[in-house]
Amino acid sequence: MDLTVAHQFDDAEQQQEASTLGMWIFLATEILFFGGMFLGYTVYRAMYPHEFAAASSHLDVVLGTVNTAVLLCSSLTMALGVYSAQLGSRRMLALCLGLTMLLGAVFLGIKFYEYYQKYEEGLIPGSGFTWAGANPNQTSLFFVFYFIMTGMHALHMIIGLGLMTVLVLLTRRGRFTPSYYTPVELGGLYWHFVDIVWVFLFPLLYLIDRSS
Amino acid sequence: MEEGFRLIPEQASAFAARYDMLYWFLTGVCGLFALLIVVLIIVFAVRYRRRPDREPEQTNDSMGLEIFWSVIPAILVMVMFVWGADLYLDETIPPAGAEDIYVVGKQWMWKIQHPNGRREINELHVPVGRAVKITHTSQDVIHSFYIPAFRIKQDSVPGQYRTMWFEPTRPGQYHLFCAEYCGTGHSRMIGRVVVMEDMEYQTWLGGYTAETPVEAGRKLFVDLDCASCHESGQRQRCPTLGGLYGTKVQLADGRTALFDETYIRESILDPKAKVAAGFQPVMPTFRGQVTEEQILALIAYIKSLSPNVAVPERSAQ
Amino acid sequence: MSTMPVAIYTREHYLNASYGWKSWLLTRDHKRIGLLYLMSITFFFFLGGAFATMVRLELMTPKGDLFEAETYNKLFSMHGIVMVFLFLIPSIPAVLGNFLVPMMIGARDLAFPRLNLLSWYLYMIGGVFTLWAIVAGGVDTGWTFYTPYSSLFSNTHVVLTVLGIFVVGFSSILTGLNFIVTIHTMRAPGMTWFRMPLFLWSHYATAIIMVLATPVLAITLVLVGVERIWRVGIFDPAIGGDPILFQHLFWFYSHPAVYIMILPGMGVVSELITTHARKRIFGYSFVAFASLAIAFIGFLVWGHHMFVAGESQYASLMFSVLSFLVAIPSAIKVFNWTATLYKGSVSYDAPMLYAMGFIGLFTIGGLTGLFLATIAIDVHLHDTYFVVAHFHYIMVGGMVMAYLGGIHNWWPKISGRMYPEGWARLAAGIVFIGFNLTFFPQFVLGYLGMPRRYYAYADEFQVLNVMSTAGASILAVGYLLPMIYLIWSLKYGPEAGPNPWNATGLEWQTLSPPPPDNFEETPIVTEPAYNYGPDRRTSI
């Protein structure tokens, strides 16, 4: 009797199929969740294009680009981790997971530094918001969506780091073999998803009208 | 308003009669279908009730039946849609020359302003047989201006202007209700619509000597110093406003905007949002300095500067 | 009739396999989780019903003389919130779906049993937050939370309530996820998609909506909460926000949500009609695809809640057409159910009475939806009691009756006991009569122009309001009776046996109550669903 097959499943194949489908459905719900935010952002950007462009230019595009590169690299290390799991290489898997976590932590560090910068510049929406240009209210709306969207994203990253921690612990206990590494795969799917969300967030928030 | 028990609301507008025709058509069709289903269920349940001596007969499916009872309802609902859409489009486009009345809803009352200056609270006097156009907004939360006897309703949304129109056909008094939940006093935000014969209405309107919205608007225009920039003269730095109402204006960033009530309101409250082409964004904002009603008065004045807008005469005393 | 029920006490089944708090609160058995849900949603049903009772008592007189306006506003708001989010949305899926989905496909449990337990805990946590909000003073925004009233003006516990609903939403999402994966990957050998009972098709369609629509509600409520706490202008027109954006976001979830609140009931009705008329369903694939069509088109019609809110004319026309379109698959189902009765062997057992009541009342409710889809007609009827009557016909006359019918139908399977049929038929009749008396007058009130959410109204509306309140008191009796006799039957009801209705369906091919793993050995399916004909091979 295979101890890694839960009792409701007939065999390992069914379990793997079910788990993978479950993760894809969960990611679909996440698309809808972020989608609501994207919709609100799109509506207000269409209503106040100039204010949004002006606000966007106050974001640090260098840090944003670095973060994008960091996350893309972390997806690479994650994919290498899944590959290592397929090959049964425990040390490589643990190393890749660790690197992924490190890069994720770097991302979060840079993100929170950016938030701190915004605080210093008086760009946190609410009573402390200071804006020298025209239409501070509509401009503040940009920052509302900036903080909510990147904040939700950061929250998902933190949860991702938690998942990675669990995966590292399980790896060290020898839980994964070339015939069973589904949690690593699912963790990979989640991580790639969080990465893709950022790939959409970055141009929408940081790159409005940068050419002019 | 008629007291006592009724099952059908009064018809007091031109639209109401057309509305009720469609309503009874729907009732008839839907009633027939409902009756059909109920009768069939009862008949089958009795005719085929469980008896120890009879086995059920497993009938075959029928593609023909499925198509039949998909297509027929589809056709019927398309008839409903077209009829309803036709009525709706007529209903939402006011005819030219309709009498302009402004309404501001606030928690928890309706403030109504006639073009000649006469104001009302929770009461709307209108003449029978003439089209009336209501331009309305809200000062706080979303309300809804509802006159059941006319079969019309529209939400009053803060920050936006809406228009609706009707033509009363019967003198009398009718309910006015707020129909969008707006807090504690929602049920009390009610009033009445008084439809009068034309002569009576003129008399009612005339017995009032307050300034018209146009006059009030002119006064504000001067007091708030709009005139110094917007009228031709030494210090003019901004577009003059004559002849612009209803036209498309070119904006500084290349877009165009329709010079209507909404545009005028936005320009007063958020002047940098849509700056006119060829001018600098130097106009200050008046948010917090003018009420919704004052804005409506300014709009009435600015509208009067355009030749295509009829300026109502103040009725003779 | 009442022989000593020996078998239930001596044989091992899911109820007696283990004892103690932990065996229930840490269970992974989908059947026990279904019962946990049964207890919690029954509690919330009666809580929501208590609010409704107070609303109807106030409405007996035209003046607002029983409650303060603020209190009344809280009562109808909390009635809606509790009934929609804490009762209707979970009801059939969380109780009957959890219990039956694995059994109907021949599996030992759902795909993710621990996730299933988590769903229940999320539901309880969300329920506790909502209760806390109620006890702390309530919320008065209506269940629709329209801005800017909810985000800027209301002085009640909005944030706590939306937090509760947010958490309950995740319960819904996880349940849906579980059902989809289970139905896709765990069907017994021989159980093809088109051999599945229609209950599963309905729950599959419902699960898709749960999974795709609920996240949008979640983010919408987050935005309202943020606006309320930090006043940053998302929906505040004075600082550039758009209150109508809220309505679009809210209804994008809440319209599909109403299909969450009817599709499971339709699935139950397909089972009840076939079982109690001993006939295969007429037009199986049409009913199955109709469920999917309702789920899909249901995502495209949300704007019909906003015809008078300031939608553009073109948008309104589009939403109107699509709203008519979504009625067609429902009509197809009604015709197919009715045709199933033809030449059947119709019993008058309580489940069948509830099913027939469902078809009639759902038909009326659905047809009145056509009135509201007709834009010009909606202008007058929007936000009046016509709308209230329309949705209560579907949610109460439809879904709640289906729920009660399903509870009665599967009671023998769940408990091993039969309920007293005479009392059950009486209760079904009382519910039917009470329901119609409560809600039919409200159609007339709406056409006359009585707005919703009014606690004081024009004098000429009183007669119809008194009729409605009288009906509500009868309806309440109809709902209390099953509470009493179902609990009574647990101790005194006769033992039911595995298949008291002689129904097809895998759940009836095992013992009542079922063993912990549902089946002694994995069933193998060789027949189409509802194989009641002479060539039927299954019957215990």
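## Backbone features of chain C

At 45% relative accessibility, Arg231(C) counts as partly exposed, a class that runs between buried, under 20% relative accessible area, and exposed, over 50% (1.4 Å probe, protein chains only). In this predicted model, Arg231(C) sits in the loop between helix 9 (198-230) and helix 10 (243-260) of chain C, where helices are DSSP runs of H or I with at least four residues, numbered from the N terminus. Although Arg231(C) is not a glycine, its phi is positive, at about 50°. Asp383(C), likewise not a glycine, has a positive phi of about 60°; this residue belongs to the loop between helix 15 (375-381) and helix 16 (385-415) of chain C and, with a relative accessibility of 6%, is classed as buried.

Most residues other than glycine have a negative phi, and most peptide bonds are trans. A cis peptide bond links Thr147(C) to Pro148(C), with omega about -5°, and Pro148(C) is placed in the loop between helix 6 (113-135) and helix 7 (149-153) of chain C. Another cis peptide bond joins Ser512(C) and Pro513(C), with omega about -10°, and Pro513(C) falls in the segment after helix 18 (462-492) of chain C.

Glu421(C), in helix 17 (residues 421-448) of chain C, is buried, with a relative accessible area of 17%. Its side chain reaches the backbone nitrogen of Ala350(C) at 2.7 Å. When neighbours within four places in sequence are left aside, Glu421(C) is in contact (heavy atoms within 4.5 Å) with Tyr348(C), Asp349(C), Ala350(C) and Trp501(C).

In chain A, Lys111(A) is part of helix 4 (residues 90-120) and is buried, its relative accessible area being 0%. The side chain of Lys111(A) makes a polar contact with the side chain of Tyr146(A) at 3.1 Å; such a contact is a pair of N or O atoms within 3.5 Å, where within protein one must be able to donate a hydrogen and the other to accept it, and residues adjacent in sequence count only if both atoms are side-chain atoms. Beyond four places in sequence, the contacts of Lys111(A) include Asn67(A), Thr150(A), Trp198(A) and Tyr206(A).

## The interface of chains C and B

The area buried between chain C and chain B is about 7700 Å², with carbon and sulfur atoms giving 66%; this is the accessible area (1.4 Å probe) that the two parts lose on being put together, summed over both. In this interface, 92 residues of chain C are in contact with 87 residues of chain B.

Two salt bridges are found across the interface of chain C and chain B, each requiring a side-chain nitrogen of Lys or Arg within 4 Å of a carboxyl oxygen of Asp or Glu. One of them is formed by Lys343(C) and Glu57(B), whose closest N and O atoms are 3.6 Å apart. Helix 13 (residues 313-341) of chain C provides the largest share of the side that touches chain B, with 14 residues.

## Confidence and conventions

The mean pLDDT of chain C, on the predictor's scale of confidence in each residue from 0 to 100, is 94, and 98% of its residues reach 70 or more. Over residues 1-6 of chain C, however, pLDDT stays under 50. For the complex, the predictor gives an ipTM of 0.92 and a pTM of 0.92.

Residues are numbered from 1 along each chain as its sequence is written, and chains are lettered from A and ligands numbered from 1 in the order in which they are written. Local features need pLDDT of at least 70 and side-chain atom pairs count only at pLDDT 80 or more, while totals for chains, interfaces and linings use all residues, and side-chain values use heavy atoms, with hydrogens and water left out.

Terms used. Helices (H or I, at least four residues) and strands (E, at least two) are DSSP runs, numbered from the N terminus.
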